[in-house]
Amino acid sequence: QVQLVESGGGLVQPGGSLRLSCAASGVVFALANGRWYRQAPGKPRELVASITSTYTTNYADSVKGRFTISRDNGRKTVYLQMNSLKPEDTAVYYCTVLRGNEYWGQGTQVTVSS
């Protein structure tokens, strides 16, 4: 059974930073792709960043230059480093791992507010 446990969300002031973590179990992590999505109230879900098993990364235009996705295969963890946060980054952030199916974490709230 695949399980994803997210952590690192919280309240931060505009311009601040957070690092989200997503620890996976029950999957051959090194061969899986990882993604981070977010969903703000009243808005559609948005794919924020992705990383393949060969470490190729992609970002939404809204976060390019501010967010960095990475992975640690030894720890079976995907990270999302978020810098220069803006109020419009406020959302629930979800990680997923793709290996055949796409498996979802429970989500973690990120709130950017002064």
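1. Start with A91: its bridge partner in strand β11 is V110. Strands here are DSSP runs of E with at least two residues, numbered from the N terminus. Strand β9 (residues 91–99) and β11 (residues 108–112) run antiparallel and are joined by 3 bridges. Two strands pair if DSSP finds at least two bridges between them.

2. A word on the model before you go on. It is predicted, so local features need pLDDT of at least 70 and side-chain atom pairs count only at pLDDT 80 or more, while totals for chains, interfaces and linings use all residues. Residues are numbered from 1 along each chain as its sequence is written, and side-chain values use heavy atoms, with hydrogens and water left out.

3. Now follow β9 to its other partners. Strand β4 (residues 33–39) is antiparallel to β9 (residues 91–99), with 7 bridges joining the two; look for G34, whose bridge partner in β9 is V97. Strand β10 (residues 101–104) also pairs with β9 in the antiparallel sense, over 4 bridges. Here L98 stands opposite E102 in β10.

4. What lies between β9 and β10 in their hairpin? There is 1 residue between them, and G100 in the turn has a positive phi of about 85°.

5. K76 has a phi near 55° and lies in the loop between β7 (67–72) and β8 (77–82). S84, with phi near 50°, lies in the loop between β8 and β9. K76 is partly exposed, at a relative accessible area of 35%, and S84 is partly exposed too, at 40%. For these labels, buried means under 20% relative accessible area, exposed means over 50%, and partly exposed is in between (1.4 Å probe, protein chains only).

6. How many aromatic pairs does the structure hold? It holds 2. One of them is Y94 with W104, an edge-to-face pair at 6.2 Å centre to centre and 70° between the planes. Y94 lies in β9 and W104 in β10, so this pair ties together parts 10 residues apart in sequence. Rings of Phe, Tyr and Trp (its six-membered ring) pair if their centres lie within 6.5 Å; planes under 30 degrees apart count as stacked, over 60 as edge-to-face, and the rest as tilted. Together, Y37, Y94 and W104 form one aromatic cluster.

7. Finally, find R71. Its charged end sits over the ring of F29, 4.7 Å from the centre, and over the ring of Y55, 5.8 Å from the centre. This label requires NZ of Lys or CZ of Arg within 6 Å of the ring centre and within 35 degrees of the ring normal.
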